[in-house]
Amino acid sequence: MTHVSGSLSLLRERYGERYRWLLLLSVMVGTMASIMSSTIVNVAIPDMSHYFTLGQERAQWVTSGFMVATTVSMLTTPWLLSRYGYRATYVGAMLLLLAGGVGGGLARDFGLVLAARVAEGLAAGVVQPIPAVIILYAFQPHEQGRASGIFGMGVVLAPALGPSIGGLLVDWFGWRSIFFMVVPLCLASLWLAYKFVPASAPGGVEPNRQGEALDWRGLLLGTVGTLCLLNGLVSLHGGSMTEASTLLAIAVVCVAAFIGWQRRLIQQGRKPLMDLRLFQYRQFAMGSVVAFIYGTALFGSTYLLPVYMQLGLELSASHVGTLMLPAGFVLAVTIAVVGRLADRQPTHFLVSIGLGLLALSFGLMVFVSLGSPLWMLVAFAILGRIGLGFILPSLNLGAMRPLDKSLISQGSSAIGFLRMLGGAAGVSLCGIVLEWRLTAHGVSLATGGSTPARITAFGETFLMLTLLCLIALVAAWQLRAPKPE
């Protein structure tokens, strides 16, 4: 037995049966910090724009830079875990997140703020696939749903409470206070990591510091492809068609080159950035389709709903935050309950229920008008969050349980990457469809006042999200385990 694998054995021996829960708690705190850092900064963008005298487009890079960095860095997690082990990878990411938080809070130049956000995004991307790997390695199949539910409940409370707390902090202490919010969570996660997170790599083996170098060519192709895709969608929304077409064409070329290069590495017996053998498992391939569309619908609606409430229904920002709070708490409770169900019920059934409820919540938005009572908005938001609660603990388990143990790290990284990519695309997609429908009805967001035509345009955009969820529902049904022959 090696010294490193022994350290995992010693931790299990020292803490007994509860060790796996202590390990899950340790990575949950860090994941909460990374997710909070992604959502909470949005409330500070107006103040930050005023402080640095920025236009809306430059200010938006605070969010976009984080999202691109998160999406791309997810692909590096399997290599980092294999080479450096759980503890070194996790601690390194937490230190980077901490540096980003402190650096952003102290920055006097917008370039430094943007660099801090990119650093936070890189850290968040590395951290977020780790819990799913731990759940599938450390917990028995009959406990994995419960573990996913408890982990998910803790993690969703961060974005549910973050914007509300962030709004108060901005009012009381200014935009810099937002960056410092991650500091206590990062310090707590570092203490927990040194106490409970093993130094071993997945499977309890010793990290291979002399292993293959990172696939830098694949990472470069993935980064350029992601940047071109997202900027191409933004250009479709508000730029020239020539620029958008060029960027999207480059994105397609990069994706094709990325797939070709990953296949070549596999044929040569080398470690690719994304192991395409994952997609030979039908359940994983279908789960990836669901994850991409689910990311598109989730992030798109998270952008669209507040805009609709403020510019369509003329509600104040504080009113919108208050209306969304109950849905956040319901989501946390639903995840905990569904997590237990996932140990006993087929995951494809739970994911399908979730997508159906999510589709229904979007479709019902068509019936909201200026005269509608506010409880309708709250009820539809809660219905959608119940749907998310069915999807979150079940999707990763349904897609990744059939994988060979050696592919679990790769699977968690790939499905997280596709979900984030769908999310980043979803925000632009909602903006494009909304602008198209507003133009078709002869209105715009720039003109003041709410009109039935404007509300109709928002309703039609929500219908697009309904359609996406129904498409995902078809793929979700394919998550069911194949019948034994």
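I started with Y308 and looked up its contacts (heavy atoms within 4.5 Å). Leaving out residues up to four places away in sequence, I found that Y308 touches L313, M365, V368, L377, I455, F458 and F462. I kept in mind that this is a predicted model, where local features need pLDDT of at least 70, side-chain atom pairs count only at pLDDT 80 or more, and totals for chains, interfaces and linings use all residues. I also noted that residues are numbered from 1 along each chain as its sequence is written, and that side-chain values use heavy atoms, with hydrogens and water left out.

Next I looked up the nonpolar cores. A core here is a set of buried Ala, Val, Leu, Ile, Met, Phe, Trp, Tyr and Cys residues joined through side-chain atoms within 4.5 Å. Buried means under 20% relative accessible area, exposed means over 50%, and partly exposed is in between (1.4 Å probe, protein chains only). The largest core has 123 residues, and Y308, L377 and L465 touch the most other members. A second, separate core has 16 residues, including M48, L169, W175 and M181.

Then I turned to helices, which are DSSP runs of H or I with at least four residues, numbered from the N terminus. I wanted to check their lengths, and the expected span is 1.5 Å times one less than the number of residues. Helix α2 (residues 19-39) has 21 residues and should span 30 Å; its end C-alpha atoms are 31 Å apart, which agrees. In α2, 17 of the 21 residues are buried, so this helix is largely enclosed by the rest of the structure. Helix α10 (residues 182-196) has 15 residues and reaches 21 Å from first C-alpha to last, close to the 21 Å expected. Among the buried residues of α10 I wrote down V182, C186, L190 and A193.

Setting aside neighbours within four places in sequence, S413 is in contact with M74, L75, P78 and P129.

For contrast I picked S64, in helix α4 (residues 56-73). At 30% relative accessibility, S64 counts as partly exposed.

My last stop was L96, in helix α5 (residues 77-106). L96 counts as partly exposed, at 33% relative accessibility.

Conventions:
Helix = DSSP H or I, 4+ residues; strand = E, 2+ residues; numbered from the N terminus.
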